[in-house]
Amino acid sequence: MKKSFRQICSQVSIGVFACSMIVNVPVFAEEEDPKEPIKDVVKIEQVEAEEESASPQKSAFSINSYSLVNEKGEPIETLKKGDVFTLIVTATDPNVSTEKALEQKEVDKINQSIHSLNIDRLTDDFSGGQDVQAILLSQKQEPLKVKILFKDVKWKGKGDAFRFQIGYAALDIQYTAHTIEIKECSEEVKEPENTGSDAEQPSDTIVDDNMSWSGGSSGGGFEGSSQTIKTAAPNLIVKKYSYGKDPIYAGKEFQLSLEFFNTSKTLACENIVVSLETGDGLSIANSSNTFYFESLGAQASKTINLTMKALSIEKNMSAVIDVNFRYDYVADQERINQTMAEKISIPIYLKDRFEIQEPTLPEMASVGSECVVSFNYVNKGKSTLSNVEAKVEGDIPALQKVQNVGNIDPGTSGSIDVILTPDQPGIQKATILLSYENANEELVEKKFPIELNVEDMAPMTPDDSMDAIPEEEKSSPWGWVLGLIALLGAGAVIVFLKKRHKKKQQKEHHEDLDFDDEDLKE
């Protein structure tokens with residue numbers, strides 16, 4: 001069957017429309033047709049939502065409280081122009097957990113410094129404060145809470161606005177700017193000047209001029225242009241602690257005195273629980289680690305006294321005690337629970353147990369002869385003694401006036417020998433100084449006075465030497481002559497005797513022969 005040209009065109013149009021539906025390309029995307037495909041509208045809305053979600057988010061940091069302390073850590077009630085102080089700010093971000101906000105290696109650093117936050121100072125009524133320290137206060141799964149210390153801050157003498165911004169180093173979240181009105185400024189507090197001018201802001205910071213701090217321990221943050229500040233939360237801090245003047249050695253008990261202080265000038269703390277957590281090297285000797293106080297007034301302090309014991313250690317160390325505060329306070333007709341944490345450290349030393357016995361002196365000493373003075377030792381401690389040295393002080397000469405022994409390891413015993421060469425007879429005195437450095441890097445010296453009874457050397461004369469050697473008898477030629485004569489005489493006697501004996505034998509033999517002849521004749 002032959003198709004008309006009109007039919008062919010109609011089929012081609014239908015095929016093009018069908019292909020456009022398969023690839024999700026709207027044919028009528030630019031026309032305002034109410035019959036536009038629903039699938040295309042959904043696709044466009046999804047793309048717009050993704051673009052909105054890709055835009056940077058803002059952090060929700062809010063300021064909970066602030067306090068001022070001087071160089072000694074004492075709270076400041078009134079600021080004067082030029083005063084230098086440290087501003088302590090507590091801030092919380094309820095929208096971000098600690099685990100998500102920080103680097104993995106920092107999420108467990110409770111009450112320790114962290115570096116995952118970017119905190120910058122902005123132009124305000126104070127100078128300094130660029131030395132910033134952030135301390136983590138929240139647990140891994142809790143909303144991020146930090147304590148921020150701005151150090152070496154100085155008031156310019158006019159205004160009371162302190163400004164800074166916070167951002168995350170690891171997250172793509174915009175900075176948030178914060179303004180705190182410092183009530184402690186002694187001059188009349190004036191309304192903060194408009195700090196939104198580009199000339200007053202650092203070129204590389206982001207500031208929202210329509211925000212202001214609304215403080216408060218239960219949250220807060222930036223709320224439009226409101227300048228209302230809630231009452232600052234009271235902080236409990238360790239004001240001072242003492243463990244005595246003497247060094248703390250392993251195995252020793254000692255008294256610890258800890259004084260804590262309420263920094264608030266107006267609010268009291270109630271229902272206070274103080275708990276102490278000891279680390280390696282320390283334990284509480286005679287009490288619980290938890291203490292309760294019903295209340296503590298504003299700017300007041302209390303003291304905890306307890307007995308501690310230093311445990312056995314392998315080397316010198318600084319033992320850490322975590323001091324945790326949990327308490328309530330009432331502000332703005334609301335009861336609020338607050339926690340604080342501090343750390344204190346106590347150095348613990350190994351006791352020096354190096355024993356040196358009294359010197360062993362020689363039984364006899366004589367002028368010009370060497371004699372040995374010995375010191376037996378044993379190191380009963382657990383640490384190595386270094387730079388052991390023996391030094392001879394006095395007029396007795398020595399083979400070595402200063403003798404370097406070296407290091408002595410724990411559990412080692414031996415002797416230190418000092419060789420003396422006295423040059424004068426009689427009673428000779430000297431002092432031998434033994435010194436070493438213990439595990440505490442302290443120089444220890446022990447002196448041992450000695451006395452030697454030196455005898456004079458006996459002189460040797462030529463006569464005495466000759467008497468000791470027997471004189472040889474003088475030889476004479478007549479001795480040889482007499483000897484020879486005696487020898488010859490002895491030889492002549494022997495010859496004579498042999499001849500006589502021979503003759504006798506011959507005579508006896510002849511008589512025997514004569515007897516035989518007579519017998520034959522008969």
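**A walk through the predicted chain**

Phe375 has a relative accessibility of 0% and therefore counts as buried, a label used for residues under 20% relative accessible area, with exposed meaning over 50% and partly exposed in between (1.4 Å probe, protein chains only). This is a predicted model, in which local features need pLDDT of at least 70 and side-chain atom pairs count only at pLDDT 80 or more, while totals for chains, interfaces and linings use all residues. Residues are numbered from 1 along each chain as its sequence is written, and side-chain values use heavy atoms, with hydrogens and water left out.

The chain as a whole comes next. Five helices and 27 strands make up its list of secondary structure elements; helices (H or I, at least four residues) and strands (E, at least two) are DSSP runs, numbered from the N terminus. Of the 522 residues, 34% count as buried. Accessible areas come from the Shrake-Rupley method with a 1.4 Å probe, and for residues only the protein chains shown count as cover. Among contacts with a separation of 6 or more, 67% are between residues 24 or more positions apart, where contact means heavy atoms within 4.5 Å.

Aromatic rings give several examples of parts that meet. A pair of aromatic rings is described by the distance of the centres and the angle of the planes. Rings of Phe, Tyr and Trp (its six-membered ring) pair if their centres lie within 6.5 Å; planes under 30 degrees apart count as stacked, over 60 as edge-to-face and the rest as tilted. The whole structure has ten aromatic pairs. In one of them, the ring centres of Phe354 and Tyr377 are 5.7 Å apart and the planes stand at 50°, so the pair is tilted. Phe354 belongs to strand E20 (residues 354–356) and Tyr377 to strand E22 (residues 371–379), so this pair ties together parts that are 23 residues apart in sequence. Phe354 is buried at 5% relative accessible area, and Tyr377 is buried at 13%.

Phe375 and Phe448 form a tilted pair, because their planes are at 55° and their centres 5.1 Å apart. Distant parts of the chain are linked here: Phe375 is in strand E22 and Phe448 in strand E27 (residues 443–455), 73 residues apart. Phe448 has 8% relative accessibility and so counts as buried. Elsewhere, Phe85, Phe126, Phe150, Phe162 and Phe164 make up one aromatic cluster.

Asn271, in strand E14 (residues 269–278), has a positive phi of about 55° although it is not a glycine. With 37% relative accessibility, Asn271 is partly exposed. Asn387 sits in strand E23 (residues 385–394), and its phi is also positive, near 55°. Asn387 is partly exposed at 48% relative accessibility.

No disulfides are present, a disulfide being a pair of cysteine sulfur atoms within 2.5 Å. Cys185 is buried at 6% relative accessible area, and Cys269 is buried at 0%.

The last stop is on the surface. Leu487 lies in helix H5 (residues 477–521) and is exposed, with 61% relative accessible area. Together with Leu484 and Leu488, Leu487 forms a nonpolar patch of about 340 Å² of accessible area. Patches are made of residues with over 30% relative accessible area and no salt bridge, with like charges joined within 9 Å and nonpolar side chains (Val, Leu, Ile, Met, Phe, Trp, Tyr) within 5 Å. A salt bridge is a side-chain nitrogen of Lys or Arg within 4 Å of a carboxyl oxygen of Asp or Glu.
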